[in-house]
Amino acid sequence: MDKHKQPFWKTPIMWLVIGLPLASVVAGVALVIIASRSGGSDVVSEEVRRVSQIQTADLGPDAQARQLGLSAVLRADEGVLEVIPATGEFERDAPLRVVLQHPSRGSEDLALELAPSETGWRLQRELDDGHDWIVELAPADGSWRLHGRLPRQQHATRLAPSLAQ
């Protein structure tokens, strides 16, 4: 009987031959699971069409906001979310819709309706300031649209049309 004959699992080189491919398969499966649970990476919530490999989006509301000369300030402080008109003629008696998009997690996006107030539009709502927010402001009919970004730890931002003057 040969004294040097050992079972294969007691040979160190065999752990490399079996262990490395097995570890790569486990890591690959884990990556697929993580990628499928994280959701899409596109933070744009509006409908985008693809025409001849070119993506197109409806910029009509942005052009309308630019034509009307609209801009506003969004303030989020002390449990109050408030929009104050800065320039242009807003319809002051209709509510406005604010969409706050988390930069990377769509599940944390917020769509809120602000009621008219004496200074603009207002809603009693605490806003998490631990990360940035992508802000979109529009009336209920979507005829115009203003955009902005509320950086983390800040409590106000300017909202303006995305198309330059």
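# Chat notes on a predicted model

Me: A156: buried, exposed or partly exposed?

Reply: A156 counts as partly exposed, at 39% relative accessibility. Keep in mind that this is a predicted model.

Me: Why not buried or exposed?

Reply: Buried needs under 20% relative accessible area and exposed needs over 50%, so A156 at 39% falls in between.

Me: Which strand is A156 in?

Reply: A156 lies in strand 10, which covers residues 156-159.

Me: And how far is A156 from L81?

Reply: The C-alpha atoms of A156 and L81 are 9.6 Å apart in space. In sequence, 75 residues separate the two.

Me: Back up a bit. How many helices and strands in total?

Reply: Two helices and ten strands.

Me: What order do they come in?

Reply: Along the sequence the pattern reads α-β-β-α-β-β-β-β-β-β-β-β.

Me: What share of the protein is buried?

Reply: Buried residues account for 26% of the 165 residues.

Me: Salt bridges next. How many in the whole structure?

Reply: The search finds four. One of them joins the side chains of R145 and D62, with N to O at 2.6 Å. That pair links distant parts of the chain, 83 residues apart.

Me: Where do R145 and D62 sit?

Reply: D62 is in helix 2, residues 60-68. R145 is in the loop between strand 8 (133-139) and strand 9 (146-150).

Me: Are those two buried or exposed?

Reply: R145 and D62 are both buried.

Me: What does E82 pair with?

Reply: E82 forms a salt bridge with R75, where the closest N and O atoms are 3.0 Å apart. E82 also forms one with R122, where the closest N and O atoms are 3.6 Å apart. R122 is in strand 7 (residues 121-124) and E82 is in strand 4 (residues 80-87), so this pair, too, links distant parts of the chain, 40 residues apart. Together R75, E82 and R122 make a network of salt bridges.

Me: Which of the three are buried, and which partly exposed?

Reply: E82 is buried, with a relative accessible area of 5%. R75 is partly exposed at 26%. R122 is partly exposed at 31%.

Me: What about E82 makes it count as buried?

Reply: The cut-off for buried is under 20% relative accessible area, and E82 has 5%, so it counts as buried.

Me: Changing topic. How many cavities of 30 Å³ or more?

Reply: The search turns up one. The largest cavity holds about 40 Å³ of space.

Me: What lines the largest cavity?

Reply: A76, L127, D128, D129, W133, L150, Q154 and H155. By class, that lining has four nonpolar, two polar and two charged residues.

Me: And the second largest pocket, what volume?

Reply: About 170 Å³. Its lining has eight nonpolar, one polar and three charged residues.

Me: Which residues line that pocket?

Reply: L68, E89, F90, E91, A94, P95, L96, P139, A140, D141, S143 and W144 line the second largest pocket.

Me: Now backbone angles. What is the phi of E78?

Reply: E78 has a positive phi of about 55 degrees, although E78 is not a glycine. E78 is in the loop between strand 3 (71-77) and strand 4. E78 counts as exposed, at 70% relative accessibility.

Me: How about Q153?

Reply: Phi of Q153 is near 65 degrees, again a positive value in a residue other than glycine. Q153 lies in the loop between strand 9 and strand 10. Q153 counts as partly exposed, at 47% relative accessibility.

Me: Last topic, the surface. Which residues form the nonpolar patch?

Reply: F8, W9, I13, W15, L16, V17, I18 and L20. Together they have about 900 Å² of accessible area.

Notes
Residues are numbered from 1 along each chain as its sequence is written. This is a predicted model: local features need pLDDT of at least 70, side-chain atom pairs count only at pLDDT 80 or more; totals for chains, interfaces and linings use all residues. Side-chain values use heavy atoms; hydrogens and water are left out. On a 1 Å grid over the protein atoms alone, a cavity is a set of points where a 1.4 Å probe fits but cannot get out, and a pocket is an open set with protein on both sides within 12 Å along at least five of seven lines; lining residues have an atom within 4 Å of a point. Grid points are joined across faces, edges and corners, and a volume is the space filled by probe spheres set on the points. Ala, Val, Leu, Ile, Met, Phe, Trp, Tyr, Cys and Pro count as nonpolar, Asp, Glu, Lys and Arg as charged, and the others, Gly among them, as polar. Patches are made of residues with over 30% relative accessible area and no salt bridge: like charges are joined within 9 Å, nonpolar side chains (Val, Leu, Ile, Met, Phe, Trp, Tyr) within 5 Å. Accessible areas come from the Shrake-Rupley method with a 1.4 Å probe; for residues, only the protein chains shown count as cover. Helices (H or I, at least four residues) and strands (E, at least two) are DSSP runs, numbered from the N terminus. Buried means under 20% relative accessible area, exposed over 50%, partly exposed in between (1.4 Å probe, protein chains only).
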